[in-house]
Amino acid sequence: MTQNDLLSGFHDAVEIGNEIKIPVFISENGEKPLIILHELPGMSESFIDYCRRMSDEGFKVYMPLIFKSPGTNMNSAQSLAFCVTKEFRRLFAAKSEADSRPFTGWLLHLIQDVADHHPDAKIGIVGMCLTGGFAIAGVASPQVTAVAACQPSFPFLWNIRSLGFSDADRAQIEAGAANKVLPCVKAYRYSGDWICKEAHMKAAKDILGTALERYTPDLPGKHHSTLTSNSASPAVYQDVLEFLNQRI
């Protein structure tokens, strides 16, 4: 499959950002703005297919290529190796616990760019795995009215309770949630997922309180991805779709 075939239905990428620039593909179809963030294995064919389906559902999909190239689907060993690279740290490592992670700031920049192109529109975000928790940062923006946090998994081992947010990030998220129709975040995971732990979900609830609704019960089994790959759940697809349509 050529890259043109892989990315059919999307315009050529545009570079967005200041200190960090990330290419963003925008769907040719759809009206309601929706940012969809790919997971750690990369912008896989399954992920792109999901984004295309959401465009067909009526959403104007903004699909950032956060790292690697379109069609990348790293295995577990490759994903682990990538997490210690300079490229990964440049995006996701904070200078100190008091500092925001660069990707958090970039996502807020993208949200503002989307808002500038869709005046007065409500914006949705879908994050997955590595980006599942980062998507919650969008709650700080008044334009974001719905976030689907699918199997949020970062940080992977330590300081899970922070979800990677600084105290300032958390305060902005809490302040943003106070002005929205609640719940404004919906979270999803498999019950036996060892990457997205129960601790990640509890951390999200601690930050968001009544602004967070969990999809219950957790999906059965030890799978990870809820919207992509061979473990994609039709029930989660439909629930996310309904949640977004109610909020944006």
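Predicted model: local features only at pLDDT ≥ 70, side-chain atom pairs only at ≥ 80, totals over all residues.

A: The protein chain has 23 positive and 27 negative charges, and their mean positions are 6 Å apart.

Q: How many salt bridges turn up in the whole structure?
A: The search finds 9 salt bridges.

Q: Let's pick one. What does D49 pair with?
A: D49 forms a salt bridge with R52, and the closest N and O atoms are 3.0 Å apart. Both residues sit in helix α2, which covers residues 45-56. They are 3 residues apart, about one turn of the helix.

Q: Which residues are linked in a network of salt bridges?
A: That network links R189, E198, R214 and D218.

Q: Nice, what are the N to O distances there? Start with R189 and E198.
A: For R189 and E198 the distance is 3.7 Å. The salt bridge between R214 and E198 comes in at 2.8 Å, N to O.

Q: Switching topic, what about the overall fold? How many helices and strands are there?
A: The protein chain has 9 helices and 8 strands. Its C-alpha trace spans about 45 × 40 × 40 Å along the principal axes.

Q: What's the radius of gyration, and what would a compact globule have?
A: The chain has 16 Å. A compact globule of 248 residues would have a radius of gyration near 18 Å, so the value for this chain agrees with that.

Q: What share of the residues is buried?
A: Of the 248 residues, 54% count as buried. The accessible surface comes to about 11,200 Å², and 51% of that belongs to carbon and sulfur atoms.

Q: And what about contacts along the sequence?
A: Take the contacts between residues at least 6 apart in sequence: 73% of them join residues at least 24 apart.

Q: Now the backbone, please. Where does a cis peptide bond show up next to P155?
A: The bond from F154 to P155 is cis, with omega near -5°. P155 lies in the loop between β6 (144-150) and α7 (167-177).

Q: What joins L182 and P183?
A: Those two are joined by a cis peptide bond, with omega about -5°. P183 is placed in the loop between α7 and β7 (185-188).

Q: What about phi values? What is phi for D120?
A: D120 has a positive phi of about 70°, although it is not a glycine. The residue is in the loop between α5 (102-117) and β5 (123-128). D120 is exposed, with a relative accessible area of 84%.

Q: And Q151, what's its phi?
A: Phi of Q151 is near 35°, a positive value in a residue other than glycine. Q151 is in the loop between β6 and α7.

Q: Is Q151 buried or exposed?
A: Buried, because its relative accessibility is 0%.

Q: What is Q151's link with E39, then?
A: The two are in contact. Leaving aside neighbours within four places in sequence, E39 also contacts F67, M128, C129, S225 and T228.

Q: Where is E39 found?
A: E39 is in the loop between β3 (32-36) and α2. At 3% relative accessibility, E39 counts as buried.

Technical notes:
Residues numbered from 1 in each chain as written. Heavy atoms only, no water. Helix = DSSP H or I, 4+ residues; strand = E, 2+ residues; numbered from the N terminus. Rg over C-alpha atoms; globule rule 2.2 N^0.38 Å. Buried < 20%, exposed > 50% of the residue type's maximum accessible area, 1.4 Å probe, protein only. Contact = heavy atoms within 4.5 Å. Areas by Shrake-Rupley, 256 points an atom, 1.4 Å probe, with all protein chains shown as cover. Lys, Arg positive; Asp, Glu negative; His and termini not counted. Charge placed at Lys NZ, Arg CZ, Asp CG, Glu CD. Salt bridge = Lys/Arg side-chain N within 4 Å of Asp/Glu carboxyl O.
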